[in-house]
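Q: I would like a close look at one part of this model. Please keep to charged side chains and the helices around them.

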Amino acid sequence: LRIDLVNINHLINHSFDLINVIIKKSIPFVVNLHDFYYICPSIHLVDSNCQFCKFNCQNCGGISHNSDISNEFILKRWREECMNLLKNSHVNIAPTQSVIDFYNEIYPNLNNFKVIEHGLKVDKSSYEAKLTSNPIKILVPGHISPHKGSLIIKQLKEQDKNKKIEFHFMGTTIPNLNSYGINHGRYERNDFNKIVSEIKPSFSLILSTCPETYSYTLTESWMAGLPVIASDLGALKQRITSTNGGWLVDYKNINDIYNFIININQNDYENKLSSISKIKFKD
């Protein structure tokens, strides 16, 4: 076929044989880093408690446990294969610098990384967010699973004895969170702003327990004019710190998160709205 360039979008459910063929034939290729698959086959870097593993492989929650094969052995072989992939790539493309920082922890000798931010073609919303009370309306967008904070959502609502907060889920929830808020179901990205205007939330909540590599829901929330409360981790930390478009919290401290939500200062809230209005989005 006389291929000039191979763009490896992902290798989940594939072997590494293709890489060996490409390298043998001297065909240039690029690798897209959507997650941490090339660091660990668990993909998300979460432990058995579904919290960020911090590379503590003794408590790995993603690699299958086998009495004859240790996690350390699996990871050693895995990273040998992935090192071969990444070092021979023309360039390894990451959506944020935070992704490169994580990869550099494991592969410190590699220098062929490049940041190319994801783009979205979504119009900014005309919705004017306000800090509501009784209840505080909170949007929780995206695929909300344990590593995306679903268990934290349950704990926050269980703490909400006086019903001061009201969760609005947009997307999918695992496990089912219908008894913890109002589920608006799946959405098309082009309808995001319209649904937000109907719900009228004060802000978005993105409490991933794994390091995000970008977070489309963060971008969608900002385009809808919503400040975001997010985990102090990965791309969420980097993007919110650089834009002042929200607040960062420790996802492990449920009590602090709840108290923070019900005590957000009006001036601080308006400051975040002002910052969001200045964010430049890549199309």
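What is the relative accessibility of Glu-81, and does this residue count as buried, partly exposed or exposed?

A: Glu-81 counts as partly exposed, at 25% relative accessibility. Buried means under 20% relative accessible area, exposed means over 50%, and partly exposed lies in between, using a 1.4 Å probe and protein chains only. This is a predicted model, in which local features need pLDDT of at least 70 and side-chain atom pairs count only at pLDDT 80 or more, while totals for chains, interfaces and linings use all residues. Residues are numbered from 1 along each chain as its sequence is written, and side-chain values use heavy atoms, leaving out hydrogens and water.

Glu-81 has a salt bridge with Arg-77, at 3.6 Å from N to O. A salt bridge is a side-chain nitrogen of Lys or Arg within 4 Å of a carboxyl oxygen of Asp or Glu. Arg-77 also forms a salt bridge with Glu-80, where the closest N and O atoms are 3.0 Å apart. Arg-77 and Glu-80 lie 3 residues apart in helix α2 (residues 71-88), about one turn of the helix. Helices (H or I, at least four residues) and strands (E, at least two) are DSSP runs, numbered from the N terminus. Arg-77 is partly exposed at 38%, and Glu-80 is partly exposed at 39%.

The structure holds 8 salt bridges. Another one joins Arg-189 and Glu-220, at 2.7 Å from N to O. This pair links distant parts of the chain, 31 residues apart: Arg-189 is in the loop between β7 (181-183) and α5 (192-199), and Glu-220 is in helix α6. Arg-189 is partly exposed at 33%, whereas Glu-220 is buried at 3%.

Helix α6 (residues 216-223) packs against α7 at an angle of about 30°, with the axes 10 Å apart. Axes are lines fitted to C-alpha atoms, for helices over the stretch in contact, and angles run from 0 to 180 degrees between N-to-C directions. The two helices are therefore roughly parallel; angles under 35 degrees count as roughly parallel, over 145 as roughly antiparallel, 65 to 115 as roughly perpendicular and the rest as oblique. Where they meet, Leu-218, Thr-219 and Trp-222 in α6 face Leu-236, Arg-239, Ile-240 and Thr-243 in α7, contact being heavy atoms within 4.5 Å.
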